[in-house]
Amino acid sequence: MSDVDRFEAFVLRFQDMVFATAYRLLGRHADAEDVSQTVFLRAYERFDQIGESPAAAGWLKTVTTNLCLNHLSRHRARFRLFSELRPADDDGPEFEVASQAEATPDRLAALETNEALGEALARLPDHQRVPIVLFHFEERSYQEIAALLGVSLGKVKTDIHRGREALRQSFSP
Amino acid sequence: MTPEELEQIVHQRLRNLPAPKAPRSLAPAVMAAVRARASRPWYARPWRTWPAGARVAAAVSLTLLAAAVVALLPGVAPAAVATLALVVGPVTEAVRVAGTLAEAGRTVASSFGSSFGPVLIVPVVIMLSTVAAVGVTLRRVALGGAY
């Protein structure tokens, strides 16, 4: 089996994990796919070191997280990511899905499903979704998240709490 | 609902979400890019993936090229020597201090004789190190390295 064939097996083994991590952090399908590709191309450059390593999954997750944060930082102006300039009580629309959701009974019913929660998570503002994903999926502490994002501990706690409140609307009757 | 209860509920709900699946296009796109890279000649790939011999040859060539530039271009050699002195100077000074300390240690050991030597060697080394550290600090802080 050639290196390329071994790497293809590696990609097939880890592609769902890498894509899921990227999609949860970015909330956008196309961006998550782009980042996932970059992650695997970096993995290919180091395949001789990580190919058979039990730490491969951890390495992939770390690289994915870092690339996603870089990606979001580059679009900071557009998405106003982690902006400390905005007043703490002025985060704009907290939850687009919830604000649009109360229109029809069908929509309310759909919000009770996992799909609705996943959609709600993806539509959270970046500055709420990213710390929520890092906390609940990547099991990072508040301190780690604050250090990773370069924001204050208080802001991380506030953003996560507001994000949870917004998500709650997607599964509360 | 308390914040702790909200955290638990949201955590459970989120962890029960099915993980998003990678799109079918991901693996083929990655492998197309990988095959394109793999088909490039070795010299068009990243340096650290070159064959070992090629890497050594490249390093030697670059060193020779740098040496030639330094030797042939006027003004480059003095600048290179000055830069080298900046790097080598502190190392030379450290070697000189270590030599002095070693000489002092030998003198102390010989004056105390073989019976006390093994017992006294540790405190003597500690004292000498302390004196050296104080001296270096004084030279840098109080005297600004002027002497």
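Let's start where two helices cross between the chains: α2 of chain A (residues 29-45) packs against α2 of chain B (residues 26-38) at an angle of about 40°, with the axes 10 Å apart. Keep in mind that this is a predicted model. Chain B's α2 also packs against α1 of chain A (residues 3-26), and the chain-to-chain contact as a whole takes 27 residues from chain A and 26 from chain B.

**α2(A) with α2(B)**
- On the chain A helix, the residues in touch are E33(A), S36(A), Q37(A), F40(A), L41(A) and Y44(A), and they meet L26(B), A29(B), V30(B), A33(B) and V34(B) on α2(B).
- Sorted by class, that contact has 8 nonpolar, 2 polar and 1 charged residues.

**α1(A) with α2(B)**
- Here the angle is about 145°, and the axes are again 10 Å apart.
- This crossing is right-handed.
- From α1(A) come V4(A), F7(A), E8(A), V11(A), L12(A), Q15(A) and F19(A), which meet L26(B), A27(B), V30(B), M31(B), V34(B), R35(B) and A38(B) of α2(B).

**Chain B's side of the contact**
- Chain B puts 26 residues into its contact with chain A.
- The elements giving two or more residues to this side are α1 (3-16) and α2 of chain B.
- By class, chain B's side comes to 19 nonpolar, 2 polar and 5 charged residues.

How values were computed
Residues numbered from 1 in each chain as written. Chains lettered and ligands numbered in written order. Predicted model: local features only at pLDDT ≥ 70, side-chain atom pairs only at ≥ 80, totals over all residues. Axes fitted to C-alpha atoms, helices over the stretch in contact; angles between N-to-C directions. Helix = DSSP H or I, 4+ residues; strand = E, 2+ residues; numbered from the N terminus. Contact = placed C-beta atoms within 7 Å. Nonpolar A, V, L, I, M, F, W, Y, C, P; charged D, E, K, R; others polar. Left-handed = near helix turned anticlockwise from the far one by under 90°.
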